Amino acid sequence: MTDRIKATVKRGQVREAIEQSLIRRRKRNRRFRMLGLGAVILGMLFLGMMFSSIISKGYSAFVRTDIQLEIYFDPEVIDPQGARNPDVLASATYGKLVKAALRKAYPEVKKRKGKRKLYRLVSTGAIQQLRDLVLSDPAIIGTRKKLWLIADDDVDQYYKHGENQSRLKGRQLAWMAQLRAKDALKTSFNTNFFTAGDSREPELAGIRGAVVGSFFVILITLGLSLPLGVAAAIYLEEFSPRNRWTDFVEININNLAAVPSIVFGLLGLAVYINFFELPRSAPLVGGLVLTLMTLPTIIIASRAALKSVPPSIREAALGMGASKMQMVFHHVLPLAMPGMLTGTIIGLAQALGETAPLLMIGMVAFIVDIPSSILDPATVLPVQIYLWADSPERAFTEKTSAAIMVLLAFLVLMNLFAIWLRRKFERRWD
Amino acid sequence: MKKFRSAIAMSLVFAAGGATAGTRDYIYVVGSSTVYPFATVVAENFGKSTKFKTPKIESTGSGGGMKLFCQGVGVKHPDITNASRRIKQSELKKCQTNGVKGVIEIKIGYDGIAIANSKKAPQFNLSRKDIFLALAKDVPDPKDPESGKLIPNPYSTWKEVNPALPAYKIEVLGPPPTSGTRDAFAELAMEGGCKQFAWIKQIKSDSKKAKKAGDKKLAKQLKSKYKAICHGVREDGKYIEAGENDNLIVQKLEANPKALGVFGYSYLEQNEDQIQGSLVDGVPPEFELIASGQYPVSRPLYMYVKESHVGKIPGIREFLAEFTSDKAWGDEGYLVDKGLIPMPKEEREEYRKAATQLIPMKF
């Protein structure tokens, strides 16, 4: 009797206990999901903040300000002999034409100091513009033409961002107002940014040199690290005996993947530059150093890809009489290739964003000429960003952000390519 | 496949051969990050206006530049090094032992070091003594400064250092010890204030006396004691090492109006709308005042050229001519537009002569 009562009471309690624990479990579940969602949202928020800050600062670097001036191609200045010798035309002082045009436009400026301020409205890049014009068509000499010339960075900042963001003052502001009233200021797409090398004048600086440098470096890194990494992974995964020695190699590879990149730079300095006497600042050395850095990543990814190919494939191949090498190269490798390539691309994307090891081998340098081979001095994109971020001129701030945008675009493209490769070629085993 | 393989082998041989064959058709410059903005402008103008290639300029710091420069003669070594201080005797010796015999010294101008804060705060009027007392690691006991007793820096606000200054917490953003700007700041600003205590100055003159008397060990000991007192910067968080990036310091000053920042004059000039330079000993960091030497915290900048590379590497002579021309370093040259403080005319003439006639410095 009492037993029975006890049992029913207990049963009720048990039910209650279960229900309560269920509520607790659901709550815990909900809380965990909220936390997870929160983490994702926070991450996205930071990403959004970074992107919006970079884009809002950098988009203006893709346009530049031009000033319209009436230039008189004075034969006295360009070619006093009248022989139209290209060498003479190339070495003429075109700066004088710009200065004469400015003096004519503002005849009221008499004092030397005022004139200096006036001349500073137009960039020194205008000289190059005029030279190119005359060289392409010498018949222009002796004529008068209204031309759009590149404006100085101070003018550019003023026109794009207003008075607060510019160093112009006093009279220069009045001139700017006049120019604006005459519609002699306009913005145009900044082709310079993509076609020119580095410069100390912000309005003339471009990323082409750095992009070409990055291209050479990545090419060398790819050409060396992919075959080496894949070969090492195949050997370790398919051929090598399992013993202490291979364990040791494996541990070392995993450790290398976590070594700070500056260490590879020091190694590169000691081995490639000091011992093999390869030239400093050359993309060849940069590529060799970054190869060292990306190799472990590629080996680890490639081994994982090989591991994911089911043993049945191998057994079937061997069972049909294939040699071990045939088995690996005809059956396993094609199936593992998408995974290997994905790992390689991610490794290369990492290498593309690296500056620290390049610091040691002299690739952090002011280089104007666009490199034409892997032995010419060069910088890479992230180094260019670093150098611009360190420059005193205010106008370099937007250049820095714009270069970051270009670098990010490359990284996103590479990662998209990796995803596409995986989607297209990956085989699922189930 | 075979062809491809041999092509790779060939290209590697060529690459290595080309690299070691000993040709370089561009000038290779290393050195100070303070001179870097000036040297690069000259390099760019030189590249544009002549048939030579644009020189390559690496910013390695003054010390790092000297090390590379003095490693030897030949195409893989730099032709020119920039420095924000004069070459040291020890560095010259190293140059000589490595076969770098003729070194041409060219002073290129001056650089002022600004101690600036945000325009939102009042302008500071500091004396060098204030700077020393606010930033030194150990200072003379405030109760009896001439007693010769040092205590760890007790000051936490500027008002405590000098009642005329605002009651702001001491917070100075500046370059790390590896920087030439820091060396110059310690030497010119802090030592300048430090020397005003008679007993500290006495240490230096004692050292000189000991050196004359032939007691080298004592001289060295006293000298390093003097240096430790005058150049030692406090490490309790009041002086914040903000890295070599001067732009970053400017941005931080903008965000924190109560802080002061230490950096080169060109950064002050570029950001005049946001920050203001403090007066040092009553003199503001203005172009004319630095050029005339009235502003106490300014230093000369140098360039060192290997005589033996002239004629071997194309364009060095022409590059030096460009650098020392009036359109570059003159009173109204383009270097001045970038923030360089030019030398007086006679001094410019003297160094131009050294540069164009390749007169090596005497050891």
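**View 1. Cys70(B), a buried cysteine.** Cys70(B) has a relative accessible area of 2%. Buried here means under 20% relative accessible area, exposed over 50%, and partly exposed in between (1.4 Å probe, protein chains only). The model is predicted: local features need pLDDT of at least 70, side-chain atom pairs count only at pLDDT 80 or more, and totals for chains, interfaces and linings use all residues. Side-chain values use heavy atoms, leaving out hydrogens and water, residues are numbered from 1 along each chain as its sequence is written, and chains are lettered from A and ligands numbered from 1 in the order in which they are written.

**View 2. The disulfide of Cys70(B) and Cys95(B).** A disulfide is a pair of cysteine sulfur atoms within 2.5 Å. Here the S to S distance is 2.0 Å. The link is left-handed, with -75 degrees about the S-S bond. Cys70(B) sits in the loop between α3 (62–69) and β3 (80–83) of chain B, and Cys95(B) in helix α4 (residues 89–97), so the pair ties together parts that are 25 residues apart in sequence. Helices (H or I, at least four residues) and strands (E, at least two) are DSSP runs, numbered from the N terminus. Cys95(B) is buried, with a relative accessible area of 0%.

**View 3. The disulfide of Cys194(B) and Cys230(B).** The sulfurs lie 1.9 Å apart. This link is left-handed, at -70 degrees about the S-S bond. Cys194(B) belongs to helix α7 (residues 180–194) of chain B and Cys230(B) to helix α9 (residues 216–231) of chain B, so the pair ties together parts that are 36 residues apart in sequence. Both Cys194(B) and Cys230(B) are buried. Over all chains the count is 2 disulfides. In sequence order, the bonded cysteines of chain B pair 1-2, 3-4.

**View 4. Domain 1 and domain 2 of chain A.** Domain 1 spans 60–190 and domain 2 spans 208–425. These bounds come from an automatic or database domain assignment. The C-alpha centres of the two domains lie 46 Å apart. In contact (heavy atoms within 4.5 Å) are 10 residues of domain 1 and 7 residues of domain 2.

**View 5. A salt bridge between Glu398(A) and Lys160(A).** The closest N and O atoms are 2.9 Å apart. A salt bridge is a side-chain nitrogen of Lys or Arg within 4 Å of a carboxyl oxygen of Asp or Glu. Across the interface of domain 1 and domain 2 of chain A, the rule finds 1 salt bridge.
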